[in-house]
Amino acid sequence: MKIKADYSNSPSWKEVIVKSRLPEQLACLDELAHNMWWAWNYDARNMWKSLDEDLYEKVGHNPVALLERLSYERKEAIVKDKAVMKKVKDVYARFKEYMNVKPDKSRPSVAYFCMEYGINQSLKIYSGGLGMLAGDYVKEASDSNVDMCAIGFLYRMGYFRQSLSMDGQQIANYDAQNFNSLPIVRQLDKDGNPMVVDVPYMNYQVHAYVWCVNVGRVKLYLLDTDNEMNSEFDKPITHALYGGDWENRLKQEILLGIGGMLTLKKLGIKKDISHCNEGHAALCNLQRLCDYVQEGMTFNQALELVRASGLYTCHTPVPAGHDYFDADLFGKYMGGYPQMLGITWDEFIGMGRVNPDDHGEKFSMSTFAINTCQEVNGVSKLHGWVSQKMFAPIWKGYYPEENAVGYVTNGVHFPTWTATEWRKLYDKYFDKNFMSDQSNEDIWHAIYDVPDAEIWSTRMALKEKLIKYIREKFTEMWLKNQGDPSRVVSLLERINPNALMIGFCRRFATYKRAHLLFTDLDRLSKIVNNPERPVLFFFSGKAHPADGAGQGLIKKIFEISQRPEFLGKIIFLEDYDMQLARRLVSGVDIWMNTPTRPLEASGTSGEKAEMNGVVNLSVLDGWWVEGYRKGAGWALPQKRTYQNQGYQDQLDAATIYSLLENEIIPLYYNKDKKKGYSAGWIKVVKNSIATIAPHYTMKRQLDDYYNKFYIKEAKRFKELSANNNQLAKEIASWKETVAERWDAIKVVDKDDTAFSVSETGLEFALRYTIDEQGLNDAIGLELVTINNEPEEEISIHTVRPFKLIKQEGNLYTFECKFIPDHAGPYKCCVRMFPKNDKLPHRQDFAYVKWLD
């Protein structure tokens with residue numbers, strides 16, 4: 001018998017997790033690593049770095065992974081290192097002092113819902129601006145000590161990691177996150193088992209694990225469906241941000257809204273306000289309605305309570321940017337809810353339609369959010385107006401400027417986005433109460449007392465830091481992806497820290513107009529290749545994998561950057577994430593933004609730049625409409641010159657070139673030979689910090705939400721829910737009665753001769769007698785006058801209220817006396833509306849009848 005050369009059975013591998021044990025003296029590090037307070041405290045980050053600098057970089061600044069991979073010998077060495085141990089003890093003492101402060105119970109509590117959160121680059125549950133905003137908001141809630149919790153998803157893949165092929169084609173790489181190595185904690189139930197939330201989908205349930213991110217004093221709960229309890233059809237719900245088809249998107253939004261509310265319920269958490277940060281979370285209000293109805297309330301009574309404690313924040317300036325679902329798909333998952341609510345299917349799906357009776361219209365999450373939230377807001381002053389116009393069709397009896405859509409301009413979390421070098425400078429020169437009074441411009445004016453040389457040295461240190469980061473991070477990547485090593489080396493060598501550096505870094509959507517700079521390549525070449533006044537442009541950002549036009553734009557910019565005249569002068573930096581963003585918003589000199597007007601809802605990257613002495617060059621759109629100050633940055637006009645977008649692009653490009661050639665570059669290079677910097681440039685930097693930065697912190701944004709919305713809503717909800725929801729029931733009953741009799745209300749007499757003989761300076765009167773059908777003074781009248789100039793957009797000229805002058809039974813006589821103040825063509829009509837001083841605003845019950 002011949003002996004076989006090899007013989008082996010298959011191994012039966014056992015999964016063994018070897019936990020990293022910490023010496024007793026370092027036990028506090030596990031607690032610190034699992035609270036993301038370290039993400040915005042530079043002393044804490046420096047402490048982690050001191051444990052093992054190379055490993056800290058290798059694990060992407062993730063303390064949990066750092067502790068896992070530290071050798072036991074290194075841990076023992078740390079214990080013996082007095083200097084490092086002092087850092088550990090000092091940081092932990094600061095952390096405990098911070099955490100021991102109890103939430104401020106004098107302010108309303110908030111449950112905050114969002115699809116993504118940018119807390120730190122080590123936790124990949126964000127894609128772009130919405131996530132950055134939400135992450136900053138939760139951090140500031142912690143710093144401001146408010147009673148808040150947040151709900152989101154723990155994505156297995158997160159958003160994609162971007163690389164570029166040799167020809168500049170975007171490659172989307174999806175890397176699975178190892179949850180055990182993230183700064184998160186598995187939420188346990190009362191028996192010590194992993195908490196599971198069962199979320200209804202059609203005739204079955206999806207089971208979600210709950211994880212908790214400790215964001216300072218605030219808990220961020222993340223739902224995770226990637227587990228063995230779910231089918232292969234449902235595991236991917238939390239695989240990727242904005243991934244999959246429309247059915248998967250609907251399943252995600254069911255999980256966020258309904259699953260989010262069920263999670264809070266299971267945790268025993270009840271907050272005063274439910275805040276939907278974008279329409280993705282709108283279905284949280286559906287679950288709240290179901291809960292109230294289950295407790296014995298009618299649908300209309302429940303809706304009063306849900307609306308009174310709901311806020312919807314819209315970040316999208318165009319209708320196409322909202323989520324719409326076909327009725328068949330929506331019905332597949334949501335068909336059982338009308339019966340639970342005690343209403344019909346048409347009534348239910350109509351809550352998500354601008355025209356409720358139009359069976360061909362898709363269900364809009366944003367419309368549903370508006371119909372279930374008392375308050376709605378945009379994210380800048382301009383976007384508030386854009387949103388008023390965008391949502392106007394929902395309230396057909398009112399003009400956009402009358403709609404109760406408010407705004408809170410976005411801000412940024414100062415400690416997260418301000419470079420350590422600037423933090424230390426501000427600590428040195430600003431009032432000691434600065435961090436608790438960040439919106440006080442008087443405090444920021446202390447920047448004028450800082451020596452110009454110190455401002456310049458801080459800016460130069462950050463430019464060097466950016467270049468060092470680029471050389472360390474991108475050398476290997478570029479050598480791997482871009483072929484010719486000599487070309488890569490040449491590119492890296494040409495990055496000149498003394499050049500005027502300009503950054504254009506954001507999501508690559510076509511409306512952002514990254515192409516503007518490349519309209520005239522000869523002119524651009526002259527700008528970047530002046531040996532006495534060199535200019536360097538950095539581009540960075542991702543295009544959605546389904547956005548071919550955005551990807552094409554990246555490819556075009558990359559191709560131009562590889563041309564000999566632009567090599568090392570125009571640089572595209574792949575895989576824009578929070579870490580790269582921190583380096584760019586603090587390391588360049590100019591932050592450029594060129595959106596198509598008015599498609600930038602707010603934008604926050606320019607605000608981050610402001611905190612770091614980086615000056616903005618931007619179209620007057622989004623936040624910059626409010627932020628721009630002459631002498632503190634540069635602006636392209638807000639108004640369009642051409643309706644043709646191609647012509648407008650050419651004009652805006654020419655304006656950018658002109659500003660660079662005639663103002664920005666000469667000012668930057670007007671350097672004093674002895675001092676080595678331009679005093680004029682430093683003046684612009686100081687003006688920018690002193691007059692703009694104070695108004696765009698997340699502290700100001702959070703305070704605005706409380707002052708404009710949360711406090712007002714919490715007060716009204718308390719009134720509605722008192723005495724077993726008595727007022728809510730009364731208002732619901734009143735609305736039902738008005739709605740029932742509305743069509744029967746009629747004009748029985750009128751005197752409207754003033755419509756035909758009005759002249760300026762003379763008093764005229766209108767009188768209407770209305771049969772209110774027993775509603776008992778529930779009707780109001782007003783004279784609405786709009787402009788009638790054919791070339792002008794229709795807008796309201798005046799709204800004049802009528803006074804009740806007589807009542808006889810059901811007959812109410814109203815009179816409006818007025819003196820026309822301007823001559824010209826106008827259109828006038830009398831508007832009738834339901835009147836009740838217990839309503840928060842007209843759009844809460846937007847019945848309107850225009851009288852003949």
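Strand β23 (residues 779-787) runs antiparallel to strand β27 (residues 826-834), and 9 bridges join the two. Please keep in mind that this is a predicted model. On its other pairing, β23 meets strand β24 (residues 796-801), also in the antiparallel sense, over 5 bridges.

- Within the pairing to β27, Leu-781 has Met-832 as its bridge partner.
- In β24, the residue that stands opposite Ile-786 is Ile-796.
- In a regular strand, side chains alternate between the two faces of the sheet.
- For β23, both faces are covered: one side carries Ile-779, Leu-781, Leu-783, Thr-785 and Asn-787, the other carries Gly-780, Glu-782, Val-784 and Ile-786, and all of these are buried.
- Since 9 of the 9 residues of β23 are buried, the strand is largely enclosed by the rest of the structure.

**Asn-62, a loop residue**

- Asn-62 sits in the loop between α3 (53-58) and α4 (63-69).
- Is Asn-62 buried or exposed? Its relative accessible area is 6%, which falls under the 20% cut-off, so Asn-62 counts as buried.
- The side chain of Asn-62 reaches the backbone oxygen of Ser-181 at 2.7 Å.
- Setting aside neighbours within four places in sequence, Asn-62 is in contact with Ser-122, Ser-181, Leu-182 and Pro-183.

**Salt bridges**

- How many salt bridges does a search of the whole structure find? The count is 44.
- One of them links the side chains of Glu-232 and Lys-235, at 3.0 Å from N to O. Glu-232 is exposed, with a relative accessible area of 62%, whereas Lys-235 is buried, with a value of 10%.
- The side chains of Asp-844 and Arg-307 also meet in a salt bridge, at 3.0 Å from N to O. Asp-844 belongs to the loop between β27 and β28 (849-851) and Arg-307 to helix α10 (residues 299-308), so this pair ties together parts that are 537 residues apart in sequence. Both Asp-844 and Arg-307 are buried.
- Glu-565 and Arg-563 form a salt bridge as well, with their closest N and O atoms 2.9 Å apart. Glu-565 is partly exposed, with a relative accessible area of 26%, and Arg-563 is partly exposed too, with 34%.
- Through shared partners, salt bridges join Glu-304, Arg-307, Lys-735 and Asp-844 into one network.

Notes. Residues numbered from 1 in each chain as written. Predicted model: local features only at pLDDT ≥ 70, side-chain atom pairs only at ≥ 80, totals over all residues. Heavy atoms only, no water. Buried < 20%, exposed > 50% of the residue type's maximum accessible area, 1.4 Å probe, protein only. Helix = DSSP H or I, 4+ residues; strand = E, 2+ residues; numbered from the N terminus. Pairing = 2+ DSSP bridges. Polar contact = N/O pair within 3.5 Å; in protein donor to acceptor, adjacent residues only side chain to side chain. Contact = heavy atoms within 4.5 Å. Salt bridge = Lys/Arg side-chain N within 4 Å of Asp/Glu carboxyl O.
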